[in-house]
Amino acid sequence: MNNTGRKGIDQYSRRSFRFQITSAFILMASVVVLIQMFLFGVAIKDSEDAVIERRLSLYRDIALRGFQYHMDNNGVLSIDSLTTAYKGHGHLPDHLRENINQGWHGVQEISLNNDSEEYMALTVYEPSVARDELIYIIENISQLEANEHQSALQIGVYSIVGIILFALTCLSMVFIVRRLTAPLIKLSHQLHHAESDDLSLLDIPKSAPEEVRQLVTNLNHYRQRLKYLIERERSFTSFASHELRTPLTVMRGVATLLTISTEPSFIQRQQQRLIKATTDMNDVVETLLGLIRDAGQEHSVPISIGREILEQVLEDNRQLLTSKAVDAGVILISKPIVRAPESVIRILLSNLVRNAMAHTSHGSVTVEVNGQYLRVIDSGSGLNTQSQTHEGYGIGLLIVNDICRKYGWTFSLTGNNGQPGCTASVQFNPGPDQ
């Protein structure tokens with residue numbers, strides 16, 4: 001591996017979540033261990049001094065009784081091999097008198113000869129025994145406290161144990177961090193190795209904590225939403241080419257006809273056809289853009305589907321029945337009121353009618369409408385020769401299905417109970433006045 005690749009990996013490792021957690025823990029643990037070692041040393045020293053001070057306090061009564069009942073001590077009383085009591089500052093040995101101020105009162109540690117000799121001094125004021133003088137109880141603690149070698153040994157043992165515990169703790173932390181970040185790394189690998197157009201659902205690791213599960217769930221919801229948007233975008237291209245074909249054909253034909261005639265009435269009729277084709281195209285574009293956008297039906301004005309719209313759609317598509325023995329008609333039981341643009345209703349009905357006319361060679365195509373539904377009933381080839389789902393009938397019914405999904409309606413395509421043909425139904429939501 002070249003230096004550039006290794007440098008990139010090193011930078012990635014330093015920025016990784018696992019590396020940052022481990023580094024922060026090791027740094028924190030190191031500071032805690034150092035502080036603990038310092039406090040341990042101070043605690044050992046303080047505990048030794050506290051023990052000695054308590055022992056000197058016990059010697060206080062012994063010194064007072066000795067000076068009171070033994071008059072031949074000459075101001076010096078040996079309590080044990082390490083402890084001696086002195087009555088008055090003048091009876092102190094020279095090396096101690098030089099380091100203890102006259103009149104000083106309390107407990108003091110005295111170091112001599114570069115700390116090779118250490119003493120602990122306690123003063124007692126008892127006028128009945130020593131008149132106005134202080135009694136000094138001095139203990140040689142050089143042999144009681146640990147020497148440098150012993151202290152170094154203690155610190156060394158403690159340090160080794162601390163290092164071992166520190167290492168075990170770091171290893172445990174690395175294991176814990178690896179276990180906690182493993183689901184995230186697995187998720188990262190899934191995303192990294194997936195194809196650019198792969199929007200399938202991500203696997204949720206079994207050992208993943210709740211936060212990772214929520215992350216994967218939200219990512220899956222996002223991928224599903226993104227997949228839906230991409231599919232809707234692709235559908236827009238197909239829908240547009242399908243729906244715009246008829247008005248574009250009309251406009252092309254009108255343009256051709258206008259070049260071969262100068263008769264005013266003929267030109268006027270062609271202009272009307274051209275205006276209608278452009279209006280239809282505008283309605284198609286607005287409807288398809290509405291299907292692509294997230295805006296729903298809440299901003300649409302309620303409209304009533306009347307006979308005029310139904311018969312106009314049949315008339316616009318009647319050329320599909322040329323040379324066919326097929327009757328087309330409308331049965332209007334009651335007018336449904338829906339919250340959708342009129343252009344949407346026209347496109348929806350036009351696709352249902354065109355599909356029915358395209359698959360019917362003889363018989364009838366009937367548009368039946370009441371307050372709750374719209375049906376297009378034909379006597380054509382039926383479902384036996386087509387796919388059993390509406391997708392089998394081409395892009396026209398896909399547009400119908402997308403419109404129904406957009407506005408919360410229900411679309412179905414069923415056979416005619418043993419009779420020729422099939423029935424396409426759109427069940428509307430209850431209107432505002434129903």
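Reader: Is Glu-368 buried or exposed?

Author: In this predicted model, Glu-368 has a relative accessibility of 14% and therefore counts as buried, the cut-off being under 20%. Glu-368 forms a salt bridge with Arg-375, and the closest N and O atoms are 3.8 Å apart. Arg-375, at 30% relative accessibility, counts as partly exposed.

Reader: How many salt bridges does the structure hold?

Author: A salt bridge is read from the distance between a side-chain nitrogen of Lys or Arg and a carboxyl oxygen of Asp or Glu, which must be within 4 Å. The structure holds six salt bridges. One of them joins Asp-94 to Arg-97, with 2.2 Å between the closest N and O atoms.

Reader: Why are Asp-94 and Arg-97 separated by about one helical turn?

Author: Both residues belong to helix H3 (residues 94-97) and are three residues apart, so about one helical turn separates them.

Reader: Which residue forms a salt bridge with Arg-405?

Author: The partner of Arg-405 is Asp-402, and their closest N and O atoms are 2.5 Å apart. The two residues lie three residues apart in helix H10 (residues 395-407), about one turn of the helix. Asp-402 is buried, with a relative accessible area of 6%.

Reader: Let us turn to the strands. Which strand pairs with strand S9 (residues 362-369)?

Author: Pairing is read from the bridges between two strands, and at least two are needed. Strand S9 pairs with strand S10 (residues 373-378) in the antiparallel sense, over five bridges. A hairpin of three residues joins S9 to S10. Within this pair, Val-367 stands opposite Val-376 in S10. The salt bridge between Glu-368 and Arg-375 may be viewed alongside this pairing.

Reader: To which other strand is S10 joined, and over how many bridges?

Author: S10 is joined by five bridges to strand S12 (residues 419-427), and the two run antiparallel. Here Tyr-373 stands opposite Gln-427 in S12. S12 also pairs with strand S11 (residues 410-416), in the antiparallel sense and over seven bridges. Leu-413 stands opposite Ala-424 in S12. The hairpin of S11 and S12 has two residues between the strands, and in this hairpin Asn-417 takes a positive phi near 55°.

Reader: In what order do the five strands of the open sheet lie?

Author: The order here is S1-S2-S5-S4-S3, with antiparallel pairing. Strand S1 (76-78) and strand S3 (107-112) are the edge strands, as each pairs on one side only. From one strand to the next, the twist averages 25°.

Reader: How many bridges join strand S4 (residues 117-125) to strand S5 (residues 134-140)?

Author: Seven bridges join S4 to S5, and these strands run antiparallel. Leu-122 stands opposite Ile-137 in S5.

Reader: How should I read a nonpolar core, and how many residues has the largest?

Author: In soluble globular proteins, nonpolar side chains tend to be buried together. The largest nonpolar core here has 41 residues, and those with the most contacts inside it are Leu-352, Val-367, Val-376 and Trp-409. Helix H9 (residues 342-358) gives the most to this core, contributing nine residues. Apart from this core lies another, of 16 residues, including Ile-52, Leu-122, Val-129 and Ile-135.

Reader: With which residues is Leu-352 in contact, leaving aside its neighbours within four places in sequence?

Author: Beyond those neighbours, Leu-352 is in contact with Leu-374, Val-376, Leu-397, Val-400, Phe-411, Ala-424 and Val-426. Of the residues already discussed, Val-376 is the one that Val-367 stands opposite, and Ala-424 is the one that Leu-413 stands opposite.

Reader: What may be said of the chain as a whole?

Author: The chain has 10 helices and 12 strands. Buried residues make up 34% of its 434 residues. Among contacts between residues at least 6 apart in sequence, 62% join residues at least 24 apart. The chain exposes about 26200 Å², of which carbon and sulfur atoms supply 56%.

Definitions and conventions: Residues numbered from 1 in each chain as written. Predicted model: local features only at pLDDT ≥ 70, side-chain atom pairs only at ≥ 80, totals over all residues. Heavy atoms only, no water. Core = buried A, V, L, I, M, F, W, Y, C linked by side-chain atoms within 4.5 Å. Buried < 20%, exposed > 50% of the residue type's maximum accessible area, 1.4 Å probe, protein only. Helix = DSSP H or I, 4+ residues; strand = E, 2+ residues; numbered from the N terminus. Contact = heavy atoms within 4.5 Å. Axes fitted to C-alpha atoms, helices over the stretch in contact; angles between N-to-C directions. Areas by Shrake-Rupley, 256 points an atom, 1.4 Å probe, with all protein chains shown as cover.
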